[in-house]
Amino acid sequence: MKLLASLLMTAVLAAPALSSFAADDASAAPAAATAVVAKPDLVKGAASYGAVCAACHGADGNSSIAANPKLAQQHPEYLIKQLQDFKSGKRANPIMSGMAATLSDDDMKNIAYWLTSNKEKPGFAKDKDLVAIGEHLYRGGNSDRHIPACAGCHSPNGAGIPSQYPRLSGQQAEYTAAQLTAFRDGVRKNSLPMSEVAAKLNDREIKALADYIAGLR
């Protein structure tokens, strides 16, 4: 009888401890659930894009304005980073900074993934005299001047590498030339590798690269 009483007492004392462990597990479950990253909402992305971005970048992200970049099919991580940089001031542009200031992190993600789901319309190289120079630099760089090949990071067909390097194929030549010049001249400062590469390019090479990239596909 004494043994039975002792076992019963042990069970009674253990019960609150077991209940406490169970409660800890239960309270941890919602925390784990909230840690899951929400999927982008493409419907909201389309709506936000239409309200804020479409006038300059085209209804589907294929800008028809030479000075404004095509955004369709761009890697979402790159788009999100650029919007964040515009909002923080790390990338200077008064128009884009004002637009990005109105967007939340979720807005940026939704817009970026919606744009990625749209196909980019191909572009075309226009200057036959320059395209050979652009192709040589893009594919092979210039070892004598320590200029790396663009294809090493942005891939031979300009598709880029998701989450690391942006897609370039078909991009507006005027826009690409403007960005390379901005990197070279220290106006655009949100990518040190690009600043270092562009610093070695002259105006003719920048124009040649931009024209060649426009025709990549």
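Reader: Which helices do the buried residues of α11 pack against?

Author: In this predicted model, the buried residues of α11 pack against α7 (128-140) and α9 (173-184).

Reader: How many residues of α11 are buried?

Author: Of the 12 residues in α11, 9 are buried, and the helix is mostly covered. Those buried residues are Glu-205, Ile-206, Ala-208, Leu-209, Ala-210, Asp-211, Tyr-212, Ile-213 and Ala-214.

Reader: What span does α11 reach from its first C-alpha to its last?

Author: Helix α11 covers residues 203-214 and reaches 17 Å between those two atoms. That value is close to the 16 Å expected at 1.5 Å a residue.

Reader: And what is found at the start of α11?

Author: A side-chain oxygen of Asn-202 comes to within 3.1 Å of the backbone nitrogen of Arg-204 there.

Reader: Let us step back to the whole chain. How many helices and strands does it have?

Author: The chain has 11 helices and 0 strands.

Reader: What percentage of its residues count as buried?

Author: The figure is 37% of the 217 residues. The accessible surface of the chain amounts to about 12600 Å², and 63% of that surface belongs to carbon and sulfur atoms.

Reader: What about contacts between residues at least 6 apart in sequence; what share joins residues at least 24 apart?

Author: Among those contacts, 65% join residues at least 24 apart.

Reader: Now a change of topic: where does Pro-40 lie?

Author: Pro-40 sits in the loop between α1 (2-34) and α2 (42-52).

Reader: Why is Pro-40 classed as partly exposed?

Author: Its relative accessible area is 29%, and the partly exposed class runs between the buried limit of under 20% and the exposed limit of over 50%. Pro-40 is therefore partly exposed.

Reader: Which residues is Pro-40 in contact with, leaving aside neighbours within four places in sequence?

Author: Pro-40 is in contact with Lys-109, Asn-110 and Tyr-113.

Reader: Where is Asp-41 found?

Author: Asp-41 belongs to the loop between α1 and α2. Asp-41 is partly exposed because its relative accessible area is 28%.

Reader: Which backbone nitrogen does the side chain of Asp-41 reach?

Author: The side chain of Asp-41 reaches the backbone nitrogen of Lys-44, at 3.0 Å.

Reader: How are the C-alpha atoms of Asp-41 and Asp-106 placed, in distance and along the chain?

Author: The C-alpha atoms of Asp-41 and Asp-106 are separated by 8.6 Å, and the two residues are 65 residues apart along the chain.

Definitions and conventions
Residues are numbered from 1 along each chain as its sequence is written. This is a predicted model: local features need pLDDT of at least 70, side-chain atom pairs count only at pLDDT 80 or more; totals for chains, interfaces and linings use all residues. Side-chain values use heavy atoms; hydrogens and water are left out. Helices (H or I, at least four residues) and strands (E, at least two) are DSSP runs, numbered from the N terminus. Buried means under 20% relative accessible area, exposed over 50%, partly exposed in between (1.4 Å probe, protein chains only). Contact means heavy atoms within 4.5 Å. Accessible areas come from the Shrake-Rupley method with a 1.4 Å probe; for residues, only the protein chains shown count as cover. The expected span of a helix is 1.5 Å times one less than its number of residues. A polar contact is a pair of N or O atoms within 3.5 Å; within protein, one must be able to donate a hydrogen and the other to accept it, and residues adjacent in sequence count only if both atoms are side-chain atoms.
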